[in-house]
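Have the sequence and the 3D view ready, and follow along as we go.

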Amino acid sequence: MIKVGEKAPQFRVKTTTGEEVTNESFRGKNLVLYFFPKAFTAGCTIESKQFRDAVPDLRELGAEVVGVSVDSLETQCEFAKSLDANFAMIGDQDK
């Protein structure tokens with residue numbers, strides 16, 4: 001587990017928006033990275049909708065939002081579409 005103040009490990013992943021990102025993609029940017037257990041569950045759907053609704057305000061403050069769960073990218077894409085998500089999501093099946 002990463003501790004406060006530690007750098008994130010190197011990663012390269014495709015998002016629900018179709019772009020490939022690395023940890024370097026976010027260097028020097030404000031990032032709201034939120035984790036949720038499983039797509040299409042009640043609590044995670046509510047939480048993700050709240051982030052979706054807050055994205056305009058967060059972007060106005062200079063931040064981007066990325067959601068992460070242990071689902072596959074395919075499931076994340078379906079979930080993002082069902083929410084009409086206006087931010088990227090990442091599937092991290094390897095945790």
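Here we look at a greasy patch and then at some charged pairs. Keep in mind that this is a predicted model.

Start with the nonpolar side of things. Leu31, Leu33 and Phe35 together make a nonpolar surface patch of about 270 Å². To find Phe35, look along strand β3, which covers residues 30-35. Is Phe35 buried or exposed? Its relative accessible area is 54%, and exposed means over 50%, so Phe35 counts as exposed.

Now for the charges. Side chains of opposite charge can pair when their charged atoms come close. How many salt bridges does the structure hold? There are five, and we'll visit some of them.

One of them joins Arg12 and Glu20, with their closest N and O atoms 3.0 Å apart. Both Arg12 and Glu20 are exposed.

Arg27 is exposed because its relative accessibility is 56% and the cut-off is over 50%. Glu24 comes in at 38%, which lies between the 20% and 50% cut-offs, so Glu24 is partly exposed.

Finally, check out Arg52 and Asp53, another salt-bridged pair, this time at 2.9 Å from N to O. Arg52 has a relative accessible area of 22%; buried would mean under 20%, so Arg52 is partly exposed. Asp53 is exposed, with a relative accessible area of 52%.

Key: Residues numbered from 1 in each chain as written. Predicted model: local features only at pLDDT ≥ 70, side-chain atom pairs only at ≥ 80, totals over all residues. Heavy atoms only, no water. Patch = residues over 30% accessible without salt bridge, like charges linked within 9 Å, V, L, I, M, F, W, Y side chains within 5 Å. Areas by Shrake-Rupley, 256 points an atom, 1.4 Å probe, with all protein chains shown as cover. Salt bridge = Lys/Arg side-chain N within 4 Å of Asp/Glu carboxyl O. Helix = DSSP H or I, 4+ residues; strand = E, 2+ residues; numbered from the N terminus. Buried < 20%, exposed > 50% of the residue type's maximum accessible area, 1.4 Å probe, protein only.
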